[in-house]
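Visitor: I am new to this structure. Please show me how to read it, feature by feature.

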Amino acid sequence: MRPAFSRSLNYSIYDGSAHAVMLGMGETYLVTFAIALGFSNFYIGLLASLPMLCAAFAQVLVIDRLIKVTSRRAFILRLALFQAVLWLPIFILPTNFRSPWILICLAVLYYSSSHLIAPLWNSWMGDLVSSKIRGAYFGKRNQYRTIVEMVAFLLAGFILHYVTDQGALWSFGIIFTVAFVARLVSAWFLAKMEEPPYQAAGHEHYFSLKTFLKKSVGNNFGRFVLFAFSLLMVTNIASPFFTAYMLRELHFSYLELSTALACSLFFQFLSFQNWGLIGDRFGNFKVLKITGVAVGFLPLLWLTTQNFYLVLLFQALGGLFWAGFNLAAVNYIFDSVTPQKLARCVSYYNFMGNMGTFLGALLGGLLSKVDFTLLMPTLDLFKGSTYVYYALFLCSGLLRFLVVWIFLSKFKEVKKVESHSTWSVMRHFIGLSL
């Protein structure tokens with residue numbers, strides 16, 4: 001590997017770490033900010049889903065222009081700086097006008113900038129990182145990102161916890177300002193990275209979203225995308241509402257909330273590199289199979305207790321298995337797609353994932369307004385405000401199992417890997433982790 005490329009991979013780790021500070025101090029607390037402003041569950045569901053959907057549409061609409069840019073680095077830098085500046089109005093405008101729609105619109109701009117960056121960033125990193133070390137490198141990079149995000153997240157929780165009720169909203173101003181500075185630092189490291197020679201994909205590599213969707217059932221990568229879309233959709237029936245459940249029903253303090261969410265990040269940190277090694281050796285499909293089944297159990301666990309320490313355990317398991325799933329999904333795309341089609345395929349994958357996120361969160365928001373005491377008057381599980389959340393968790397968990405059962409037999413591994421049973425692979429993962 002060229003020394004310049006090697007330095008760029010290190011700079012990418014620094015960029016990812018600074019970006020993680022922005023996530024830990026800013027993005028992760030957007031829903032908490034909305035709750036502090038008093039917005040309802042319906043608007044929380046929209047905040048968690050509508051900006052992602054709009055961002056996905058923006059990405060698809062301009063993908064033909066994106067893949068023709070002359071410099072991926074320059075384009076990404078401009079959008080990173082724009083994203084940094086957005087943190088200032090994200091705090092100031094909703095705080096002064098108390099409108100959920102202002103926050104949602106600003107979130108649309110924020111997530112759109114991320115999604116316009118994603119295809120070209122993946123193309124750029126695909127050129128920098130050899131396929132032989134891809135799982136190990138991204139596992140290591142994600143490991144650093146996660147531990148930094150966890151520390152930033154906990155620090156933000158301390159800031160939110162140790163302010164008076166009268167000044168609580170100003171504490172969000174503090175953490176969002178840190179997010180602004182962190183994104184500027186991230187952009188500085190991006191500017192120092194080498195950009196390999198880049199030639200935009202020719203017309204022979206063009207295919208529209210409509211063509212991609214029409215052919216998705218008939219090809220391996222398309223079926224993988226449909227699997228990811230379906231799993232994200234049923235996951236987000238419950239996912240946006242865990243924070244509201246912990247704050248409103250379990251009455252967690254900001255410090256307890258931060259500890260619970262940081263627990264998930266900590267176990268992501270512990271497991272990312274091991275999942276990457278497992279994916280390199282045994283295939284990313286095996287990782288998707290193991291983690292896809294495991295995440296079905298996660299929302300069902302929340303039905304069993306309201307104990308803080310058991311919630312920490314559930315968060316730990318969530319971090320462990322979602323780390324493996326997300327890493328394997330990204331690496332599966334790299335394995336399945338040629339470099340000329342990578343940016344377009346990432347764009348279409350993100351579009352489908354965000355469409356699933358939107359539909360799931362919208363459905364969850366609508367279900368949260370249902371009076372379950374009228375639908376099931378004799379079943380205690382669905383009585384009271386707390387049990388509205390239980391209904392969402394139960395629905396999401398059961399549908400996750402259904403999606404995994406339907407789709408995991410529809411696509412397969414695409415690279416040569418060692419052949420081992422699923423249980424054997426899991427034992428290898430446990431051995432690496434101990």
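Guide: Start with charge. Lys and Arg count as positive, and Asp and Glu as negative. This is a predicted model.

Visitor: How many positive and negative side chains does the chain have?

Guide: The chain has 33 positive and 17 negative side chains. The centres of the two sets lie 8 Å apart.

Visitor: What does the secondary structure of the chain come to?

Guide: Helices are numbered from the N terminus. Here there are 17 helices and zero strands.

Visitor: What share of the residues is buried?

Guide: Buried means under 20% relative accessible area. In the chain, 58% of the 434 residues are buried. The accessible surface comes to about 18500 Å². Carbon and sulfur atoms hold 65% of that surface.

Visitor: How many salt bridges does the structure hold?

Guide: A salt bridge needs a side-chain nitrogen of Lys or Arg within 4 Å of a carboxyl oxygen of Asp or Glu. The structure holds four. One of them joins Arg141 and Asp15, at 3.2 Å from N to O. Arg141 lies in helix H6 and Asp15 in helix H1, so the pair ties together parts that are 126 residues apart in sequence. Both Arg141 and Asp15 are buried.

Visitor: Which residue forms a salt bridge with Glu195?

Guide: Arg72 does, with the closest N and O atoms 3.3 Å apart. Glu195 sits in the loop between helix H7 and helix H8, and Arg72 in helix H4, so parts 123 residues apart in sequence are tied together. Glu195 and Arg72 are buried. Asp127 joins in too: Arg72, Asp127 and Glu195 are linked in a network of salt bridges.

Visitor: Where does Lys415 lie, and where does Asp335 lie?

Guide: These two form a salt bridge, Asp335 with Lys415, at 3.6 Å between the closest N and O atoms. Asp335 lies in helix H13, and Lys415 in the loop between helix H16 and helix H17, so the pair ties together parts 80 residues apart in sequence.

Visitor: What is the relative accessible area of Asp335?

Guide: Asp335 has 25%, so Asp335 is partly exposed. Lys415 has 26% and is partly exposed.

Technical notes: Residues are numbered from 1 along each chain as its sequence is written. This is a predicted model: local features need pLDDT of at least 70, side-chain atom pairs count only at pLDDT 80 or more; totals for chains, interfaces and linings use all residues. Side-chain values use heavy atoms; hydrogens and water are left out. Helices (H or I, at least four residues) and strands (E, at least two) are DSSP runs, numbered from the N terminus. Buried means under 20% relative accessible area, exposed over 50%, partly exposed in between (1.4 Å probe, protein chains only). Accessible areas come from the Shrake-Rupley method with a 1.4 Å probe; for residues, only the protein chains shown count as cover. The place of a charge is taken as NZ of Lys, CZ of Arg, CG of Asp or CD of Glu.
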